[in-house]
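Thanks, everyone. Please bring the model up on your screens, and I will walk you through it.

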There are 2 protein chains.
Amino acid sequence: MPAMRATILAVGSELLSTERLDTNSLRLTALLERRGVELIKKCIVGDLASELAREIRALWESSDLVLVSGGLGPTADDLTREAAAVALGVDLREDPDTLAEIERRFAALGRRASPNNRKQAAVLAGARVLDNPNGTAPGQLFERDGKALFLFPGVPFELDRMAADALVPWLETHSDGVARETWTIKVAMRPESEVDQSLARAYAEFGGEWITVLAGAGEVRVLLTAVGPDRQRQERLRAMRERTLALLGDGVFGEGAETTLEFVVAGLLAAAGWTLATAESCTGGLVAERITRVPGSSRVFVGGVVVYSNQLKCALLDVAPELVEREGAVSEAVARAMALGVRKRLGSDVGVSITGIAGPDGGSVEKPVGTVHLALAGPPGAAVEHRAARFPGNRERIRMFASQMALEMLRRRLIAARPARPAEDVR
Amino acid sequence: MPAMRATILAVGSELLSTERLDTNSLRLTALLERRGVELIKKCIVGDLASELAREIRALWESSDLVLVSGGLGPTADDLTREAAAVALGVDLREDPDTLAEIERRFAALGRRASPNNRKQAAVLAGARVLDNPNGTAPGQLFERDGKALFLFPGVPFELDRMAADALVPWLETHSDGVARETWTIKVAMRPESEVDQSLARAYAEFGGEWITVLAGAGEVRVLLTAVGPDRQRQERLRAMRERTLALLGDGVFGEGAETTLEFVVAGLLAAAGWTLATAESCTGGLVAERITRVPGSSRVFVGGVVVYSNQLKCALLDVAPELVEREGAVSEAVARAMALGVRKRLGSDVGVSITGIAGPDGGSVEKPVGTVHLALAGPPGAAVEHRAARFPGNRERIRMFASQMALEMLRRRLIAARPARPAEDVR
C-alpha cells in the first residue's frame, strides 16, 4: 500500500506579505510525519475566492488528505468555507447546533450575533463539524472517495487544539502506521565537520540518509530518522541513538528538539547542589539571561554582574587595576580574576566570567574582533579554568558563541565532578 | 491596466520538513512589492518530478510572473529544469557557453565535470541564461505570451545576487510602475486597541485598508502602505506618516522595520550624555543584554547587576534588609531602593531596576505571576519614578514585557529631559 499523501494550504493575504510566514504548517507536518503520511506540497494563498477554490480543487485532486488553515472567521475576507464548497461541488448548509452555540456565546456577552457571525455556522454538505473550544470558528472534516479535507482555524492555539482532538485520532485510524520518527541529539562547541567525522561508523551502519547534521552558532544538532511500523521503527531509532551517543561521548549535552544548553546546565547545577554567579563583559548579561530563562533557576543562580567599564571590573569584582593596565581588559589574567571575584563577592560555589571584543569596533591586530577570554572558578578546591577563543561572525554571533562556550565549560566541569555511579546502580 | 500578478514556488524536500521554512520568498516578495506586482500565491513542493511539473504549469496558467527557487544543482534530486521543460512544453538544450564555463571551473580545480555537472548547462529552449557569480548553477528567464518564468538557485545569497542583477531590472521595464511601498512606525507599551483608536482619523482620511496595526510583546507596529507611481506614492506615504506621527505623538519610539527600542534608547542616552546602570531580578539580565546588543553601547552603558537572591539585593545594591523583610522583594519600595542603589554603586547618571515574578512558580494571591515593579533613578535632581504592572503570558513574555517597560520608562525620561529645540532650528 503506498503511503498516504497529504497537502497543506494556509489561507490569508497577510501570509503573502513580507511580515509573516506560515508556521502552522510546521506543527501539522510533525503530526503527519509521526503517522508516516508524506507531505508533498504546501501552499499559501490570499483572500481571493477564485484562487482559493482553484487551489483547494487542485490539492484535492493531487493528494489523499488536504489540511487547510485560516479563513474561517466572520469577516468578508473569510472565504474558505465558500471556496471549499465550490471546489468540491457541494452545498453549504447552516448547521443548527453550531448556530445555536454561536448565538449562545453572543447572548452570554449581552449581544446578538450579526449575519456575519451566522456565516460561521455554514457547513459543507456531508461534513462533520469540529469543535473549537478555544475560539468561535468551528472546523470541518469532509470525506469522499477515500479522501479527506480538514478545515482548521488559522489562530495557532485554536488549530493546535483542534488538530490534537480531531486530526490525530483520524490519522491513527486512517494511516497505515508506517510512521516516520525523528530524534534529536545536541552537541555544543564542536565544529559540524568534526561531528560529521565522528559519525562515520553510524553512517556506514544505518545509512547516511537517515542521519542529518545541522549547525548553528556553537551548537550542532544530529537528527536521527527512522520509518516503519511502530515496533521496528522504535527499535531502529533506539539502536541509532545508542550508537550515536557512544560515538559522540560526553560531547552530547542533551536530547530532544526542545532541549537547551542552559536548561541542561541549570539541571546539573541543581543535581550537584552548586550555586552560580556570572561576570560578563562583551556578552552583556546574555549568560545570566539564558540561565534565568529556565523556570526555577533561582535555586541555582544567585546573580551576576555586567561590567562594561574597566573601572567596574575593579570596583565590583576586585580585579586589580594594575592587572587591567598591564594585561588589558580582554586577557586571560583579567578573565581569571573576574571569575574569582564574582564567586567571592556574590558568594556562589562557582563563578564564570567572559571578557572579549564583540565588535564591530574595539579590535586590534593582536586582539581582533571575536577575541574572547573565559574563566571558571570553583567549586572550592578546584583550579581556575581558562579558555580563549577567536569567534567568527558579527556581534550577535560572537556574543552567542561566547555565552555558549561559558555554559559548555560549566557543563563539562559539572559532569567531571559528578560522583561515580554508586555500586548498586551498576549491577 | 490590472496589476501584474506573480506566484512564487520554492523547490526542495527539506522545505517540507519540520526543520526548515522557505524564507527566500520573503525577499522576493519585497522586490515585487516595490514594483507594484501582486503576489497571489506561494508554493513549496518536494523533489518529485511529476508534482513539480504540474505545479509549474498551474502557476504559469494562473499568473503573469512565476519565480521558482531551488532544484538547479547537479544531483539526481535537482529536477527544476526538466520539470519546467515538461510544464511549458519546450525542449531542454545544452548551452555551449554555460557548459564551457562549467568545464572551465572544474579544470581550474584540476578536475573534470561529470555528466551530472553537465546537466547544469541544460537550458529551456528560448530562455536567457542568468549569470550566477556566487555559485555554479546558472539561472534562467523564459518569456512567452507576455508571461515570464524565472528559475533561481535556492541558496539565499546566490538567489539574492541574481534577483538584484536580473529580476529587479526586468521588473523595472515590465511592471507598470504602480509600486507598493510600506513604512513602519513603532510604539512601545501601548495596547493594540488603543493605538487602533488613536488612528481613527488616519483611517478615515487614507482608508483603513492602507494602515495595518500589528501587536507583539510590548510593541505595536503600524504599517503604512501606499501604491502608485513613484512621486504620488511617496507623497501619499509622507502625508500618511505625518498624520500618524501627529496622532500617536511621543508614543512613537522609532521608524523603519529594523528599529529596536534598545537602539533608540542607546542613541538618546548618547545624545543626552547620560550613562546607564541596570539592576534586574526577574528579567535576569535581559535589559542589559538588549542594551549591549547595540554596537558602541559601551559609551552609555557602564554595567548592571542581576540580583536573583534577596541577600544580593542588599549586599550589591544597599537595599535595607528590613525593607525586603517588610515589603517583600517584589514591591515598590524595593524597586526604588534597587534603582537608587545601582546608580550609586555603579556610578552612572541613571539607574533602572526591575523586580517581579516571572513564574511559573512564586506567585501568590496578592502578588500573582506577572507582577512587576520597575523604578528609574536619576539623573541628579530628578525624583525616582516608579511603575507597577501585571503582565499576561508565560515566563518568556513576562520578561520581555518587563524589559520593554524599563526601556520605555527610560526613553520617556530622556525625551522629557531633552532641551527645547534651539531657536535657529524653528525658523
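**Cysteines, fold and backbone**

The disulfide count over all chains is one. A disulfide here is a pair of cysteine sulfur atoms within 2.5 Å. Before going on, the ground rules. This is a predicted model, in which local features need pLDDT of at least 70, side-chain atom pairs count only at pLDDT 80 or more, and totals for chains, interfaces and linings use all residues. Residues are numbered from 1 along each chain as its sequence is written, chains are lettered from A and ligands numbered from 1 in the order in which they are written, and side-chain values use heavy atoms, with hydrogens and water left out.

Which residues does it join? Cys43(A) and Cys43(B), with S to S at 2.3 Å. The link is left-handed, at -50° about the S-S bond. Cys43(A) sits in strand E2 (residues 38-45) of chain A, and Cys43(B) in strand E2 (residues 38-45) of chain B, so the pair joins two chains. Helices (H or I, at least four residues) and strands (E, at least two) are DSSP runs, numbered from the N terminus. Cys43(A) and Cys43(B) are both buried. Buried means under 20% relative accessible area, exposed over 50%, and partly exposed in between, with a 1.4 Å probe and protein chains only.

Cys282(A) is buried, at 3% relative accessible area. Over in chain B, the sulfur of Cys314(B) has its closest cysteine sulfur in Cys282(B), 17 Å from it and too far for a bond. Cys314(B) also counts as buried, at 18% relative accessibility.

Next, chain A as a whole. Its secondary structure comes to 16 helices and 17 strands. The radius of gyration is 28 Å, well over the 22 Å that the globule rule gives for 427 residues, so chain A is more spread out than a compact globule. That radius is taken over C-alpha atoms, and the rule is 2.2 Å times the number of residues to the power 0.38. Along the principal axes, the C-alpha atoms of chain A fill a box of roughly 85 × 55 × 45 Å. Buried residues make up 54% of the 427 residues in chain A.

Contacts next, meaning heavy atoms within 4.5 Å. Of the contacts in chain A with a separation of 6 or more, 69% come from residues 24 or more positions apart.

Last topic: the backbone. Most residues other than glycine have a negative phi, and most peptide bonds are trans. Where are the cis bonds in chain A? One joins Gly359(A) and Pro360(A), with omega about 0°. Pro360(A) is in the loop between strand E15 (350-356) and strand E16 (371-377). Another joins Gly378(A) and Pro379(A), again with omega about 0°. Pro379(A) is in the loop between E16 and strand E17 (385-390).

Then positive phi. Asp145(A) is not a glycine, yet its phi is about 55°. Asp145(A) lies in the loop between strand E7 (139-144) and strand E8 (147-152) of chain A. Buried or exposed? Asp145(A) counts as exposed, at 68% relative accessibility. In chain B, Met189(B) has a positive phi near 55°. Met189(B) lies in the loop between strand E9 (179-188) and helix H7 (192-198). At 22% relative accessibility, Met189(B) counts as partly exposed.
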